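Visitor: Please take me through this structure one question at a time, with the cut-offs spelled out as we go.

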Amino acid sequence: MKLERFKKCSDIARGLEKADFVLKDAKIVNVFTEEIIEGDIAIADGMIAGIGTYKGIREKDLKGKYVCPGFIDSHLHLESTLVTPKELISQAVLCGTTTFIVDPHESANVAGLAGIDYILRETEEVSANVFVMMPSCVPATGIDDNACRITADMMEPYLKNERILGLGEVMDYISVVEGDPQMHEKLQLFERRVRDGHAPFLQEPDLQAYVMAGISTDHECSEFAYALRERRNGMTVHIREGSAARNLKDIVQGIVEEHMSTDGFCFCTDDKHIEDIKREGHIDHNVRKAAALGIDPVHAIRMATIQAAKCYGLSRIGAVAPGYQADLLVLDDLEQAAVREVYYKGQIVKAENACPVHTCPLELKNTVHVKAFTRDKLKYTGSFPCHVILMEEGQITTKDIMEEEICQDHLEGNGKIQKIAVVERHKHTGMVGVGFVKGYGLQCGAAASSVSHDSHNIIVIGDNDEDMELAVRELIRTQGGYTLVHSHQIYETLELPIMGLMTDMGFEKANQKLEKMIQKAHEMGVPNGMDPFIALSFMALPVIPEIRITPRGIYSVTGNAFYT
């Protein structure tokens with residue numbers, strides 16, 4: 001802190017000068033002592049100057065309402081929200097999230113460093129703190145078919161950017177535990193910074209080796225028993241509640257039942273669409289749900305604030321205390337965490353201050369490059385019995401099951417088994433992987449997406465080849481998006497021209513299309529507890545157990561091998 005600023009704030013703290021702004025008569029959540037302290041909050045130059053009794057040039061009487069620090073999303077991918085970064089942040093901040101720890105590995109897999117630069121540039125002038133973790137696994141694994149490859153040498157210049165906090169989620173745990181030189185070069189580059197994990201269902205010896213490599217967080221826990229194992233190994237667990245993966249209930253219930261300390265736990269969304277944010281909230285939803293499940297509301301607020309800040313070394317964010325940035329939430333009560341007002345650096349954030357949608361640079365459009373696609377490429381050429389992907393409601397994990405015989409030309413309308421395919425869309429390779437899926441339920445049509453974690457090839461599920469071909473060709477035409485085909489006609493398409501991941505048409509228009517498509521997909525048989533497009537987007541991610549599909553074919557995650 002510069003001396004001039006310190007002197008000003010010191011005079012205010014000692015009552016020698018008026019504050020720029022004072023929030024009067026607040027019930028302040030102290031995240032250090034877990035107390036509720038009554039008093040005024042003096043603010044100057046965007047910082048908290050003092051807690052006590054103060055006068056200000058401007059004052060606002062809160063009349064006993066609660067004030068807590070702004071919430072922190074410990075891990076998210078802005079690209080996975082479908083809208084532009086500024087539009088997403090402008091909505092989430094109204095829910096009380098004032099700090100975002102962003103991993104742009106989705107855009108990096110499509111556009112390399114240009115994709116990372118886009119996320120950095122688009123989050124510079126927003127009413128929130130946006131920090132970035134450098135994508136560690138581009139591609140996610142050695143068997144992925146993405147557009148780009150990022151090495152440690154390419155990462156090094158970004159260390160000078162003060163908004164780069166550390167290394168993003170390390171998905172390729174095999175390279176970590178087996179000591180792959182290129183992976184460990186990246187880990188060593190970020191030795192003095194946070195290194196995020198992505199470690200679902202590791203066996204104990206592998207988990208211990210993974211932690212030994214310096215990886216300190218994980219957001220992939222779907223059950224309390226595994227979260228407990230990670231805590232025992234010293235990891236910080238980011239409890240995820242997004243649009244596809246909803247893990248909060250199981251983990252929080254375990255914490256409550258075992259009377260376990262909430263230290264070492266934070267909240268994240270990972271992937272949460274803007275329509276879900278508008279419907280139920282952002283990190284405020286996590287806080288409410290945790291409190292409803294039995295976590296003390298103050299502990300839930302600590303998990304959403306100071307614990308996340310300490311995890312990422314953010315020394316002046318996450319508390320209502322002198323010297324901390326004045327990112328503040330006014331709440332009606334603690335249990336419901338209903339956010340009445342949001343302050344960022346001491347200035348109130350309003351909906352009308354939302355950031356405009358900017359035109360995307362042309363180089364980040366036109367990223368769908370498919371070689372000579374024909375319907376014949378959708379034919380399954382493997383043998384029987386065959387491995388089938390079983391999708392589960394509310395989870396992004398899958399089960400590996402066997403089917404003795406499937407007649408692929410007579411699937412239409414049965415609702416039990418559908419065909420799934422992934423079409424490589426970056427380098428004109430012509431590769432198409434084909435398999436079968438259960439649990440999706442779609443009848444008399446097809447659904448396709450260019451959002452297909454993390455390589456973002458075109459993924460399609462359907463019960464007949466004609467509709468699947470029509471869906472793939474539609475996404476080639478639009479250069480990315482979601483599309484739904486019913487009875488051999490395109491029902492609707494949501495265009496996502498920015499890297500095939502995001503739209504620049506604005507949320508309202510995009511959401512009208514998406515709501516219509518989701519409703520229709522459920523009418524066509526997709527279970528109500530499954531988001532048809534988000535669930536689809538994870539079926540090609542070969543780091544989530546048990547079984548996935550890639551352009552190279554059906555892949556056993558647990559067996560680390562392709563099925564022939």
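**Surface, helix and core**

Visitor: Why does phenylalanine 201 count as partly exposed?
Guide: Residues under 20% relative accessible area are buried and those over 50% are exposed, with partly exposed in between (1.4 Å probe, protein chains only). Phenylalanine 201 falls into the middle class because its relative accessibility is 34%.

Visitor: Before we go on, at what pLDDT do side-chain atom pairs count in this model?
Guide: Residues are numbered from 1 along each chain as its sequence is written, and side-chain values use heavy atoms, leaving out hydrogens and water. The model is predicted, so to speak of local features we need pLDDT of at least 70, while totals for chains, interfaces and linings use all residues and side-chain atom pairs count only at pLDDT 80 or more.

Visitor: Back to the backbone, then: what is the phi of phenylalanine 201?
Guide: Helices (H or I, at least four residues) and strands (E, at least two) are DSSP runs numbered from the N terminus. Phenylalanine 201 sits in the loop between β10 (194–197) and α8. Although this residue is not a glycine, its phi is positive, at about 60°.

Visitor: Where does histidine 488 lie?
Guide: This is another non-glycine residue with a positive phi, near 70°. Histidine 488 is partly exposed, at 33% relative accessibility. Its place is the loop between β23 and β24.

Visitor: How far apart are the end C-alpha atoms of helix α15?
Guide: The expected span of a helix is 1.5 Å times one less than its number of residues. For the 14 residues of α15 (residues 465–478) that gives 20 Å, and the model agrees, because the end C-alpha atoms are separated by 20 Å.

Visitor: What do the buried residues of α15 pack against?
Guide: The buried positions of this helix include Met468, Ala471, Val472 and Leu475. Contact here means heavy atoms within 4.5 Å. The partners are β19 (417–423), β21 (445–449), β22 (458–462), β23 and β24 (489–495).

Visitor: Which residues have the most contacts inside the largest nonpolar core?
Guide: A nonpolar core is a set of buried Ala, Val, Leu, Ile, Met, Phe, Trp, Tyr and Cys residues joined through side-chain atoms within 4.5 Å. The largest one has 144 residues, and helix α16 (residues 507–523) gives the most to it, with 6. Beyond four places in sequence, isoleucine 41 touches Phe21, Ile48, Val320 and Leu328, among others. The three with the most contacts in the core are Ile41, Ile239 and Leu328.

Visitor: What is the relative accessible area of threonine 262?
Guide: Threonine 262 is in the loop between α10 (248–257) and β13 (265–268). Leaving aside neighbours within four places in sequence, its contacts are Ile255, Ile295, His299, Met303 and Gln307. Threonine 262 is buried, with a relative accessible area of 6%.

Visitor: How far apart in space are serine 216 and methionine 235?
Guide: Serine 216 lies in the loop between α8 (204–212) and β11 (217–218). Methionine 235 is among the residues that serine 216 touches. The two are 19 residues apart in sequence, and their C-alpha distance is 4.8 Å.

Visitor: What is the omega of the peptide bond from histidine 453 to aspartate 454?
Guide: Aspartate 454 is in the loop between β21 and β22. The bond is cis, with omega near -10°.
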